[in-house]
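The following report concerns one structure, shown below.

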Amino acid sequence: MQSIGDIINNLNPEIAKKHNLAQIYQQVLADRNVQQFLNQHKDQITSEMIKKSWSNLYEYYLAQHKQDPVTAGYRPELFLNHHAIDLRYVPDESKIEQNLRANTKKHLHLISLPETLHDVRLSQVDGTAAGRVEALAAIQQFLAGYPQNPHQQGLYLSGSFGVGKTYLLAGVANSVAAMGKQVVFLHVPTFIAGLSSHFEDNSLQKEIDRVSQADVLLLDDIGAETLSQWSRDDVLGVILQARMDNVLPTFFSSNFAMADLEDHFKETKNALDPIKAKRLMERVRTLAKEVVVSGPNRRH
Ligand code: ADP
Ligand code: MG
């Protein structure tokens, strides 16, 4: 490799003088990061390459020192590209995090649940609290196996009000969404109560399909909804059947233990129907394994 002095001496003296190029060359080539790059690759880099790649070196030099909203969150990086020095912009750490966050958000569809659940990460959950150990272990086992086997059984988190069931499901939802899978997390009571709003624009079937076909579905607070025969059999029943048929992971949270949920399903607004309730309960049992979550009420 030639010295910086040689390179400068090789410039066309007329042009160099006119634009004060020698000085700019010197500045760029003396830049600490440029120097470091040239030293790192001194066996491969020739002065010919430096001349040929001049505009990249110059842009790299400028990019390090300017605040440009277009490249905010990216840093310039030199690299060898065949026989030239090339320039690329690589996301800095915070940009990687931002991308992951945006991607996660895009893949998780919340229905009738607060937007703040997008921010819940399982890594923030204290895993040592006795009432959550089993649930967290089961969740971790599911997530670890999910990339290889997207057809696992889900979990049914039961436990009293405020122990953190919704929070745990939000953690699962975001973890799966971060893998780029489509996730639907919905609050069952509000979803059931709002079904009639779809009648006007015939969007009900589309909504049911979206919920049925999500890679992972999480049904929050099942058992707290007020059911009609129709919403039990033709909405909830249909969704759960589709999940079973396609072996798609489905999670639940409920204040009811599985053993008590059947009684809730028996009773609709104007009928008692133990057979239909049993059938629905069979689907829940097939789809998910019950894990009890306990602990203090975290709402106070
Ligand atoms: P549940 O669904 O069992 O009724 P939630 O998941 O809604 O309970 O949790 C109750 C409150 O406690 C919520 O405000 C939630 O954000 C908070 N919370 C639950 N688990 C945790 C946790 N591990 N760390 C921090 N806050 C939590
Ligand atoms: Mg809840």
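A backbone N or O atom of Gly164 lies 3.0 Å from an oxygen atom of ligand 1, a polar contact in the sense of a pair of N or O atoms within 3.5 Å, where within protein one must be able to donate a hydrogen and the other to accept it, and residues adjacent in sequence count only if both atoms are side-chain atoms. Taken alone, ligand 1 exposes 560 Å², of which the protein buries 73%; accessible areas come from the Shrake-Rupley method with a 1.4 Å probe, and for residues only the protein chains shown count as cover.

This is a predicted model, in which local features need pLDDT of at least 70 and side-chain atom pairs count only at pLDDT 80 or more, while totals for chains, interfaces and linings use all residues. Residues are numbered from 1 along each chain as its sequence is written, chains are lettered from A and ligands numbered from 1 in the order in which they are written, and side-chain values use heavy atoms, with hydrogens and water left out.

| Residue | Distance to an oxygen atom of ligand 1 |
|---|---|
| Val163, polar backbone atom | 3.3 Å |
| Gly164, backbone N or O atom | 3.0 Å |
| Lys165, backbone N or O atom | 2.8 Å |

The residues around ligand 1 (one heavy atom within 4 Å of it) are Val125, Arg132, Ser160, Phe161, Gly162, Val163, Gly164, Lys165, Thr166, Tyr167, Arg298 and Arg299. Helix α9, residues 165-178, gives the most to this shell, with three residues; helices here are DSSP runs of H or I of at least four residues, strands are runs of E of at least two, and both are numbered from the N terminus.

Leu168 is also found in helix α9. Leu168 is buried, because its relative accessible area is 0%; buried means under 20%, exposed over 50%, and partly exposed in between, with a 1.4 Å probe and protein chains only. Not counting residues up to four places away in sequence, Leu168 touches Leu122, Val125, Arg132, Ala135, Leu136, Ile139, Leu157 and Val293, where contact means heavy atoms within 4.5 Å. The C-alpha atoms of Leu168 and Val125 are 7.8 Å apart in space, although the two are 43 residues apart in sequence. Val125 and Arg132, both touched by Leu168, also belong to the residues around ligand 1.

Two further helices each hold a buried residue. Ile208 is placed in helix α11, residues 204-213, and counts as buried because its relative accessible area is 4%. Beyond four places in sequence, its contacts are Asp234, Val235, Val238 and Ile239. His264 lies in helix α13, residues 258-266, and is buried, with a relative accessible area of 15%. The side chain of His264 reaches the backbone oxygen of Gly223 at 3.4 Å. Gly223 is also among the residues that His264 touches, together with Glu225, Leu227 and Phe256, not counting residues up to four places away in sequence.

Two loop residues other than glycine have positive phi values. For Ser112, phi is near 60 degrees; Ser112 lies in the loop between β3 (108-111) and α8 (130-145) and is partly exposed, because its relative accessibility is 36%. For Val247, phi is near 45 degrees; Val247 is found in the loop between α12 (229-245) and β7 (250-254) and is partly exposed, with a relative accessible area of 44%.
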